[in-house]
Amino acid sequence: MAKVSTFTVIPRLPERLEKLREIAHNIYWCWDPEAIELLFRIDPDLWVQTNQNPIRILGETRQERLEALSRDESFLAQLDRVATRLEKYLAAPSWRDRHPTAPQDFNVAYLSAEFGVHESISIYSGGLGILAGDFLKSASDLGLPLVGVGLLYREGYHRQYLNADGWQQERYPPNDFYNMPVTLVRDESGKQTVIEIDYPQSVVKARLWRCQVGRVPLYLLDSDFEENEEDEREITARLYGGDQDMRVRQEIMLGMGGVIALHRLGIHPTIYHMNEGHSAFLTLQRIRDLMKNEKLSFEHAAESVRAASVFTTHTPVPAGNDMFPPELMHRYFSKFAQDLGVSMDTLLGLGRQEPRDGREPFCMTVLAIRLSAAVNGVSKLHGKVARGMWSRTWTGVPEDEIPVTSITNGVHTRFWVSRDLAGLYDRYLGPGWITSPSDPEMWSRIDTVPDAELWRTHERRRERLVTFARRRLSAQLQQRGAPNTEIRAASEVLDPEVLTIAFARRFATYKRANLFLMDPARLTRILTNKEQPVQLIIAGKAHPADNQGKDLIRRVIHFARQPEVRNHIIFIEDYDINVARYLVGGVDCWLNTPRRPLEASGTSGMKAAANGVLNISIPDGWWCEAEQLGENGWSIGRGEMYDNPDEQDNVESQALYEILEREVVPTYYDRGRDGIPRNWVARMKTAIKTICPVFNTQRMVQEYTDRFYLPATVRRNELRANARARSQSLVEWKSKVRKSWDKLSFKNIQCGPTEGLLFGTDLSVTVEIFLDELTQNDVLVELYYGSLDPHGRILQGKTVKMESCGKGSDKTYRFEGAIACEKTGQQGFSLRVVPSHPDLAYKHETGLITWA
């Protein structure tokens with residue numbers, strides 16, 4: 001085959017329109033309504049055809065149209081306003097300006113397998129990526145010193161279409177990087193920046209692309225270019241594509257390649273934040289770098305990496321946590337371990353809950369947990385579930401003390417609020433809803449909005465949604481080769497006046513897209529009620545390998561084709577950010593029916609609530625924290641747990657029908673003489689003012705900064721000071737503790753009378769503990785007490801520190817403490833000892849604990 005030379009062509013813009021180039025290359029435009037309007041004005045048809053891609057619009061607009069715009073005073077005035085606003089946004093005071101006492105080197109790297117910043121950059125699949133995109137937007141708004149790192153996939157995630165039977169099919173149109181809002185990173189000589197990542201069989205090269213998200217750069221690695229072999233180019237071909245072997249190769253590229261890329265760019269983060277476990281190999285790369293560059297031992301390097309790492313787990317579903325068989329890890333990491341001078345058992349132990357169990361797979365989540373100073377789930381309930389899931393990593397530690405906390409997810413409010421509603425917010429709430437979205441007092445001003453004005457604004461959004469849905473359905477039918485009569489009928493589906501409910505999410509089985517279909521006859525009666533009809537809009541993709549999820553979609557399609565409900569329910573194919581914006585802005589209710597407690601957080605309901613949409617949800621994930629007893633939405637059940645999933649589905653589907661028939665539908669159609677459903681509007685206002693100030697990414701990013709990033713940076717810098725003297729001391733202390741720990745033993749436990757204690761008195765306890773080579777300063781001895789369950793186990797135990805009261809003979813130390821009798825009835829207590837050192841990140845960091 002002949003060698004092909006490449007060249008790149010960029011749009012030729014009239015000088016007066018040159019500012020459009022800068023606007024188009026900064027994703028900030030996608031959360032600036034006037035910037036969106038400006039780009040739309042260039043060519044409305046192209047705007048739709050290009051999936052709202054400003055780079056393609058500039059490249060495909062006819063030259064005479066561009067020349068005409070350069071003479072259009074109205075367009076130029078708007079261009080100048082948008083350009084000035086972008087300039088001011090970029091120059092606004094940064095986080096550092098507002099926090100001058102923070103560590104000067106403070107800088108965060110945020111790594112994620114997917115980023116959903118905008119639909120024109122198709123490198124996301126769903127909630128994880130969209131959350132990452134919203135995270136970057138809010139980090140930009142805050143001016144936080146943060147950089148994103150991900151992969152630039154040639155084909156992204158699949159595009160969905162359905163065959164005649166309703167079975168999901170996938171296609172993978174290639175991304176044209178040169179016509180996307182990303183630019184190649186080049187060095188001072190103009191050459192593209194290329195890094196090298198070691199794989200067992202070869203060295204794979206990756207070039208770097210940059211996507212500017214407001215004030216935050218997002219760097220994306222791409223192996224699909226001519227300097228790599230064909231199989232190496234496939235590494236960044238598809239998001240979540242291929243087998244386990246490909247997944248390992250991708251995650252090496254993301255984690256290890258991400259660290260290499262940052263160093264190549266001269267970026268040296270104080271904190272690495274792993275958004276889910278896909279990027280956890282970054283910890284191994286950093287260990288290797290420290291061992292090579294600073295001649296640290298493996299243990300010392302691991303300690304240093306742990307001090308500067310933060311990990312967020314996103315899934316309580318075991319299948320969502322990458323686990324690789326030992327033989328696969330041997331294939332990719334045996335040479336790596338040999339180079340580091342450690343055994344494969346040691347390396348594999350970092351990814352196992354039971355490090356010595358040679359049969360246990362290597363889990364990326366466990367690797368991230370073991371090498372992070374802070375670990376969190378993404379809602380309070382998920383934090384609790386995660387503590388249970390990963391409890392074997394801390395054998396013997398009570399579940400409620402497992403060091404996995406929670407920071408509840410949020411959404412970037414300005415990006416997700418519809419333009420119609422944004423105008424209303426501007427008029428009544430002022431600029432604070434953009435600049436201070438976490439301010440409850442500001443959101444309380446929603447009560448000053450006239451009911452009629454809020455309702456009419458929402459009705460306009462529903463009308464736009466219905467128009468959009470009809471257009472999409474018609475296009476779907478044409479692509480499928482449907483008869484003309486069916487295509488024409490698509491223009492009559494749905495009614496812009498009817499109560500509209502959306503179910504839009506991944507079609508994973510635990511999300512139970514079939515729950516509303518459990519009783520088809522009853523659902524049909526609800527949808528087709530002549531006086532109070534209801535309509536459903538369904539959207540969502542199944543993973544290409546998930547046939548159960550695909551079957552759920554087919555069942556929905558078959559039900560929707562029944563003549564009596566044909567105009568009341570539709571399925572919109574190829575769910576993406578654009579479809580989501582129409583739905584969250586235009587429906588009346590957002591339906592969420594996961595099998596509790598398998599929804600880690602969920603953010604689509606937050607986006608809906610920001611638009612005044614009412615949630616109907618199982619109490620799972622974020623909704624457990626947001627619900628206000630029917631005032632801002634409805635809960636399906638009270639969070640009951642079931643041993644029998646079939647029984648759970650039956651009970652909760654009936655509860656859903658009851659809520660629809662007795663509460664949702666009557667409230668929506670309860671109109672005054674002016675046609676306004678005032679009780680419904682009151683609930684809309686309550687949803688806005690209770691949910692928006694809490695469930696936004698500005699609060700979320702600020703919480704990560706205050707609770708994790710800053711404290712970890714301070715601790716990291718303290719451990720690094722004086723040639724890492726403190727971290728070296730900590731490593732030596734941990735080694736001493738591990739050598740002695742199995743020899744610790746409790747001796748001579750004594751306590752006062754245990755029967756008939758009066759309320760308000762104390763129960764005194766003394767104990768002698770053999771500490772081997774340790775001293776009383778190396779341990780924390782505690783009384784652990786509380787009420788008992790029927791099996792004699794302590795429930796929700798409390799702790800009291802026991803104080804050292806002298807040294808006995810033969811390496812034995814004496815401790816004493818007292819339990820306050822604050823509750824009547826039978827109680828229980830035990831004693832325990834854990835390692836204690838002022839430089840530990842958290843109490844149970846070592847994972848060691850001994851009980852009496």
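Is Cys 211 buried or exposed, and at what relative accessibility? At 1% relative accessibility, Cys 211 counts as buried, where buried means under 20% relative accessible area, exposed over 50% and partly exposed in between (1.4 Å probe, protein chains only).

The views below come from a predicted model, in which local features need pLDDT of at least 70 and side-chain atom pairs count only at pLDDT 80 or more, while totals for chains, interfaces and linings use all residues. Residues are numbered from 1 along each chain as its sequence is written, and side-chain values use heavy atoms, with hydrogens and water left out.

View 1. With a disulfide taken as a pair of cysteine sulfur atoms within 2.5 Å, the count comes to zero disulfides. For Cys 211, the nearest cysteine sulfur is that of Cys 30, 8.9 Å away. Cys 751 is likewise in no disulfide, the nearest cysteine sulfur being that of Cys 821 at 11 Å, and Cys 751 counts as partly exposed because its relative accessibility is 37%.

View 2. Helices (H or I, at least four residues) and strands (E, at least two) are DSSP runs numbered from the N terminus, and two strands pair if DSSP finds at least two bridges between them. In strand S18 (residues 589-592), Cys 589 and Leu 591 point one way and Trp 590 and Asn 592 the other way, and all are buried. S18 pairs in the parallel sense with strand S15 (residues 499-504) over two bridges, and here Ile 501 stands opposite Cys 589. Four bridges join S18 to strand S19 (residues 614-617), again running parallel, with Leu 614 as the bridge partner of Cys 589 in S19. From S18 the chain passes through helix H26 (residues 604-610) to S19 in a right-handed β-α-β crossover, meaning that, with the strands pointing away from the viewer, the path from the first strand over the helix to the second runs clockwise.

**View 3. The open sheet S24-S23-S27-S28.** This sheet of four strands has antiparallel pairing, and strands S24 (794-801) and S28 (850-851) stand at its edges, each with a single partner strand, so one side of each is left without a neighbour in the sheet. Strand S23 (residues 779-788) pairs with strand S27 (residues 827-835) over nine bridges, and Tyr 784 stands opposite Ser 830 in S27.

**View 4. Arg 716 in helix H30.** Arg 716 is found in helix H30 (residues 697-741) and counts as buried because its relative accessibility is 12%. Leaving aside residues up to four places away in sequence, Arg 716 touches Asp 105, Pro 269, Thr 270, Ala 307 and Ala 308, contact meaning heavy atoms within 4.5 Å.
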